[in-house]
Each structure stands twice: as C-alpha cells, then as structure tokens.
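The stops below are given in the order in which to select them.

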Amino acid sequence: MLLNIKNLHVSIDGKEILKGLNFSVNKGEIHAIMGPNGTGKSTLAAAITGREGYEITKGEIIYKGQIINDWSPDKRANEGVFLSFQYPIEIPGVSMTNFMRTALNASRDYRKLPPVSAKDFLKKMEEKKKLVQIQSKLTNRSVNEGFSGGEKKKNEIFQMAMLEPELAILDETDSGLDIDALRIVAGGVNQLKSDENAFIVITHYQRLLDYIIPDFVHVMYDGRIVKSGGKKLAMELEEKGYEWIKEQFDA
Amino acid sequence: MHNPVKGNDIMEKIKKTYYPLEERFIRYFAEHFDELSRHDIPKVSYMRRKAMEAFQQTGFPHKKLEKWRNTDLEGIYKGNLEIFDRETPYEKQLSDIFLCEVHGFESRVISVLNGSFYSPEEEKLTVDKNGVIVGSLTRAMQEYPDLGEEYLGEIMPQQDGFKTLNTALVSDGVFIYVPDNVVVENTFQIINILNKPNLVVNVRNLVILGKNARLRLLHCDDSVNHHAGLINKVNEIYLNENAELELYKLQNLNNETALLNQTAIHQSANSRLKSSAFSLNGGIIRNEIFDFMNGEGAWSDVRGLYLMDQQQHIDNQVNVYHNAPHCDSNQLFKGILDNKATGVFNGYIYVKRDAQQTNAFQRNSNILLSKTARIDTMPHLEIYADDVKCSHGASVGQLDKEALFYLMQRGIPFVDARMLLMYAFADAVINEISIEALRISIQDMVKRRLRGDLSICDRCVLHCSNPDQPIIFDIDLSKI
C-alpha cells in the first residue's frame with residue numbers, strides 16, 4: 001500500500017477540520033476526492049504534504065510503510081509526494097529554471113546522487129515542457145509571476161513531470177481552466193500515470209473526471225470520507241448535487 | 001579676516017559639557033590649526049574655523065535630534081578613539097591589504113589608508129593623457145586651487161556635528177576630475193581601509209565630472225582586522241551638464257567600526273546619477289545622500305541593499321531635492337535584518353514650487369528574520385509644485401510562508417528555501433549593476449553573506465577575492 005491514512009484528525013488553530021478520516025491508495029490507482037466546499041479536501045492535501053499550521057491531533061499517515069506525521073515538507077517531497085497547488089505561489093526573483101534545477105538536485109542529493117548536469121537538465125526541461133505544451137522559454141521568467149491562471153496550472157503539471165513523484169495530489173487543478181487547458185493538463189497527467197505511481201485528484205466537478213478517469217471516487221463531508229465508489233458515483237453527484245449527501249449525514 | 005585661531009580662544013568658548021572625544025577634537029583643532037591649514041586656500045581656512053565654531057556649539061549629534069533619534073553613537077563618543085592625522089608612509093608590501101579586487105573586472109585601484117591617499121610619492125596626483133586628474137585631495141588643492149575655490153565644501157549641508165567636524169579637520173581624501181566630454185573606460189575603485197587600532201579619521205572625497213563626462217566609480221569600505229574605528233567621510237560630487245556617474249558602494253566592515261558615509265551630489269541639467277550601496281557588514285553604518293537636482297532634466301536612481309545581523313546597525317538617510325523642472329528620481333532600499341540588528345530608513349523628497357513635471361518615487365522594503373531585529377522606516381514627501389508624480393512606500397515583513405512551503409513542497413530544504421527567498425528579495429538591487437563582473441562578484445558576496453560565511457571569517461570580514469572557495473549555494477541567479 002502506498003498511502004494509508006488511519007483515523008486522521010487535523011486541527012487548524014484549535015478547530016478540528018478532519019474528524020477521523022480513513023483512506024488508502026495503492027500504486028497504479030487514481031482516486032478522486034469530491035465534496036462540497038469546506039469539508040476538508042484541501043486540509044487533507046495539506047496534512048499529507050506537511051503544511052505548517054495543520055496539526056495532526058490523532059491518527060496516522062502511513063506512506064510507503066512509514067508513519068510520516070512528523071516529517072518535514074521537503075522530506076515528504078523527496079520521498080515522492082507532490083502537490084499541485086490550488087493557488088500556485090508567485091515567487092518574484094526566482095527563475096523557473098533555477099527553481100526546477102534546485103528542486104531536482106535537492107531530490108538527487110536526498111538519494112545520494114550527484115547533481116544533474118546542465119545539459120541533461122535542459123534536455124529534460126524541453127521534453128517535459130512539451131508534455132503540457134508550454135511554449136515559453138521559462139528561463140527568464142520568475143516562478144508563476146505574470147502567469148495566467150491556465151499557465152500556472154500547466155506549470156504545476158510541468159513541475160510534476162520534472163520531479164516524477166510516486167504520489168501526486170492535484171488540488172482543484174481544474175478550477176479556473178478553460179476546456180483546452182483542461183485537456184492539456186489532463187493529457188499530461190494521463191501520460192505520467194504508470195503502475196508505479198498514484199494520483200489523488202481533488203475536485204468539485206465531474207468535468208475533470210471525463211479526462212482523468214478515476215479508479216475510485218470518494219465523497220468527503222464534515223471531515224470524513226462518507227461514501228466511496230467507482231466512476232459512476234461522480235456522475236451521480238454531478239446529476240444530483242451534494243444535497244442528498246448532506247441530508248443523509250446531517251440527519 | 002583669516003587670522004588663525006589661537007588655542008586659548010577656542011578653549012574659552014567651551015560652554016557645554018563635552019564627551020571625551022568631542023573635547024579631544026576641539027583641543028586638537030586648537031593645537032594643530034596652523035599645521036592643518038598650512039596648505040589651505042583661503043576659503044578652506046575660513047571654512048575650518050566656521051565649522052569648528054559650529055561644532056563647539058552642537059557637539060556630536062545625539063538621540064534628541066530628529067534625524068538621529070534611532071542611531072546611537074554614544075558608545076563611540078565616550079570611547080578612547082584616537083585622532084589620526086598622519087599620512088601612512090608608502091610601503092610596497094602594504095599595498096597587499098587592498099585586496100578587495102573583484103575578479104575578471106578591470107579597475108583602477110585608488111587606495112586610502114587611515115584617512116589619507118595612499119601611494120608612492122610620484123603618484124600622489126596624476127594627470128592622464130585625456131586630462132583626467134586622480135590623486136590626493138590635499139595635493140590637488142595645492143596644485144589646482146581654482147578647482148578648490150569653485151567646488152570644495154560647496155554642497156554638503158553643514159547640518160550636524162559630523163559634517164562640521166569633517167570640514168574643520170579635513171586633511172585628505174581622493175580627488176577625481178574628469179574634464180568635459182571625457183568618457184572614462186576603466187572603472188575607478190576607491191578602497192578605504194583602517195589598519196591601526198582605535199582610529200578616528202575624517203576623510204573627504206571630491207569628484208567632479210565635466211560636461212558630457214562619464215565615470216563608473218566603485219567605493220569600498222573594508223576592514224582588515226577587528227580593531228575599533230570611526231570613519232567620518234564626506235563625499236562631494238559634481239555632475240555638470242549631461243554628465244553621467246555610476247556609483248557603487250560596497251561596505252564590509254568589522255563589528256567594531258562605525259562608518260558615516262555622507263554624500264552630497266550636485267546635478268546640473270540632464271546629468272544622470274546611478275548609485276547602489278551594498279552594506280554587508282559593519283558595527284554601525286550610516287549612509288546619507290543629499291541629491292540636489294538643480295538642473296532641468298536631471299535623472300537619478302539611488303538604491304541600497306543592507307544585510308545586517310548580530311547587533312549591527314544600519315541607517316540610510318536619503319534626501320532628494322527637486323529644485324528644477326522635468327527631473328526624475330527613484331529610490332529603492334531593501335534590507336534583511338537578523339538577530340538583534342537594527343535599521344533606520346529616512347527618505348525625504350522635496351519638490352520645489354517651480355519643479356514642475358517632476359517624477360519622484362521611493363520605496364523601502366524590509367524583511368526581519370527574528371523577533372528582536374528592528375527597523376524604523378519613515379518616508380517623507382514635501383511637495384510645492386502641482387504638476388508632479390510622486391509616490392513613496394515602506395514595508396516591513398517576514399519571509400513569505402506560502403512561498404517557503406511551495407519551495408519545500410518541491411523538495412528544497414528549509415535552509416535553502418529561506419536563502420533562495422532572501423536572495424530573490426535582494427536581487428532587485430543587485431540586478432541593476434551594469435558591470436557584469438562586478439554584479440557577479442556582489443551576487444557571490446551577498447550569497448555568502450546570506451549563508452553566514454562572511455561574518456564568521458576570522459581573518460577578515462570580506463575577502464571576496466577567494467575564487468578557490470566555491471559557492472556551494474546551488475542557485476545561479478545570475479542567469480535569471
């Protein structure tokens with residue numbers, strides 16, 4: 001099992017957001033997590049990636065057989081956990097090229113490998129840019145600065161392609177994307193998918209799941225996964241909305 | 001009118017209680033006036049006496065003065081610094097200490113040791129084929145009294161005790177004259193060093209650029225040991241019509257040294273000033289700039305970057321006077337303070353009533369890395385013209401936590417992520433250096449400074465000139 005989350009409770013500023021969440025992912029799987037706003041979907045992503053301020057009060061996150069509750073974000077990343085941010089951060093003054101090279105070398109350093117050569121690095125950049133149809137040179141552009149919404153999301157997938165994670169979490173990657181950008185982003189994900197990695201796709205809408213076909217669909221509500229099923233569950237949600245889930249569990 | 005003042009006259013005028021250092025200066029002036037003014041042109045003797053009178057009334061600046069509220073030099077006033085007035089005799093092996101060379105960068109090194117121009121006798125004042133004069137200020141005043149009459153002591157406002165003291169006791173410094181229409185290819189590099197313990201020096205530099213003249217000047221203040229010292233420096237710079245000066249200041253001093261770096265610039269019509277100050281280390285550094293935009297169409301861009309830690313103190317006072325129409329000025333000062341470091345930024349823009357079509361922008365941004373670091377920042381505008389575009393702003397913050405997490409989520413460890421963000425913050429100032437080799441050197445120095453390498457070096461606080469030591473910091477921002 002790649003990821004196994006047991007009875008996870010997470011609080012922000014003393015307020016409990018995740019209330020005993022159980023969830024597991026195997027290699028080669030795509031899991032979609034859906035649910036209304038404010039049910040803890042992004043909190044789950046933050047807890048898995050080790051974001052500051054998200055306090056695990058109870059339960060365990062087991063990744064590749066190890067409890068990672070206390071691991072730093074960079075250690076988790078270097079062990080293969082990747083988050084495609086809902087709102088990618090702009091970092092003026094740091095170029096995309098150097099950012100990626102530093103990230104790649106950090107991961108190589110973690111695995112006791114020598115730094116990537118400039119030639120190999122540039123080759124890899126060119127190759128991965130094609131995957132999400134990034135035309136710009138990136139060299140002279142600061143991380144996400146001045147990128148359009150679509151470019152930012154494509155850039156997230158590009159970074160994912162560069163870093164080749166084992167567990168990738170896509171946090172509302174579809175939000176703010178037009179249909180063409182959505183196709184490109186989904187196409188990138190589909191090309192990266194293999195038997196050796198897994199994806200968790202967090203989304204509100206079924207739309208993205210037409211392009212990235214999930215093996216499992218889970219519905220989150222009030223800090224827990226309340227319903228799991230196959231692809232059909234997503235379609236049912238699209239049709240009926242979330243109200244019936246709410247009614248079922250608030251009762 | 002120019003009668004020498006006798007020691008007794010001076011001592012009789014003493015009314016207030018003085019700090020030991022003030023008293024030493026007043027006595028010194030009384031006892032050494034004849035010697036000090038031996039080669040003076042008449043104007044200078046007169047200036048000295050007026051300035052000493054003023055100094056006696058005010059003494060050194062103190063915390064009750066508005067402009068000195070947050071910079072406290074009392075420790076120095078009470079200390080046992082010695083007034084140093086002798087010229088250090090030239091010895092060839094000593095010239096090795098002027099090591100702050102920047103690699104791959106052609107420059108003409110101008111050395112100032114313990115307050116005096118430092119060179120073999122025959123090079124005290126040289127005149128190049130193109131008419132450029134470089135050398136000792138004292139010597140220049142003797143050989144070119146007309147230039148002294150016209151330019152020396154004309155623009156620096158005598159508004160506090162350090163400036164009057166400098167005027168009263170000015171002994172030497174660097175003189176640079178670039179005639180009309182001469183474009184100087186080489187960068188000139190002034191290296192200012194103290195190599196004796198407990199010194200206080202008063203240095204004055206005078207730089208004159210004729211019409212259409214161009215010069216690039218790098219001004220380094222370095223320490224070569226850990227002795228205490230006080231450098232009271234006044235720079236007077238004249239940019240005649242359409243002249244252009246690029247001025248870089250690099251300050252890398254030990255924690256026991258205080259530097260007062262006071263620069264006044266006169267800008268004639270269409271002249272251009274580009275100034276960047278990099279304050280990397282120093283016990284107390286105070287940079288004052290008085291930029292007088294006196295001619296129409298003058299342009300200036302003044303930047304500063306300061307990286308302070310431990311108990312260091314940095315104070316930037318920027319004063320821009322728009323005295324003529326159609327001038328543009330821009331100031332950007334950025335700083336990172338750690339530990340118990342403290343900083344001050346006072347930005348003042350004045351726009352005269354007739355100075356229409358003025359563009360004046362000012363910005364000061366700070367990052368505080370610890371709860372005990374402190375910055376006092378105060379922008380100030382005074383505008384009397386109605387057709388102007390002016391803005392100012394100041395910010396104080398911590399490193400962006402979101403950005404930090406973003407970098408770490410990509411596998412970059414905290415220490416590197418933090419450094420990368422600090423460097424990115426600083427880069428807006430470094431990026432403006434037009435001389436590539438200098439830019440790369442300063443980038444390297446800033447990287448080392450951010451990694452803490454400079455402050456732990458026991459031999460010297462600088463030594464940027466060690467190319468064998470690789471910068472392990474992996475991010476090559478020179479390619480941004």
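Helices (H or I, at least four residues) and strands (E, at least two) are DSSP runs, numbered from the N terminus. The model is predicted, so local features need pLDDT of at least 70 and side-chain atom pairs count only at pLDDT 80 or more, while totals for chains, interfaces and linings use all residues. Residues are numbered from 1 along each chain as its sequence is written, and chains are lettered from A and ligands numbered from 1 in the order in which they are written.

**Chain B as a whole.** Select chain B: it has 11 helices and 21 strands. Of its 480 residues, 51% are buried (20 or more other C-beta atoms within 10 Å of the residue's own, with C-beta atoms placed from the backbone; exposed means 12 or fewer, partly exposed in between). Contacts are pairs whose C-beta atoms, placed from the backbone, lie within 7 Å. Among those in chain B between residues at least 6 apart in sequence, 83% join residues at least 24 apart.

**Confidence.** Colour by pLDDT, the predictor's confidence in each residue, from 0 to 100. Chain B has a mean of 87, with 89% of its residues at 70 or more. Within chain B the highest mean, 98, belongs to strand β6 (residues 174-178), and the lowest, 49, to helix α11 (residues 453-456). Residues 455-480 of chain B have pLDDT below 50, yet this stretch has 50 contacts in the model beyond near neighbours in sequence. Where pLDDT is low, the predicted coordinates should not be read in detail. For the model, ipTM is 0.96 and pTM is 0.83.

**The side facing chain A.** Which elements of chain B give two or more residues to the side that touches chain A? In this interface, 24 residues of chain B are in contact with 26 residues of chain A. Select α8 (401-409) and α9 (414-430) of chain B, the elements that give two or more residues to that side. By class, the side has 14 nonpolar, 2 polar and 8 charged residues (Ala, Val, Leu, Ile, Met, Phe, Trp, Tyr, Cys and Pro are nonpolar; Asp, Glu, Lys and Arg are charged; the others, Gly among them, are polar).

**The core.** A nonpolar core is a set of buried Ala, Val, Leu, Ile, Met, Phe, Trp, Tyr and Cys residues joined through C-beta atoms within 7 Å. The largest has 204 residues, and those with the most contacts inside it are I169(A), V201(A), L209(B), L245(B) and A426(B). The most residues, 10, come from α9(B). Centre on L245(B): leaving aside neighbours within four places in sequence, its contacts are L209(B), L215(B), L217(B), I237(B), L239(B) and L273(B).

Conventions:
Two residues are in contact if their C-beta atoms, placed from the backbone, lie within 7 Å.
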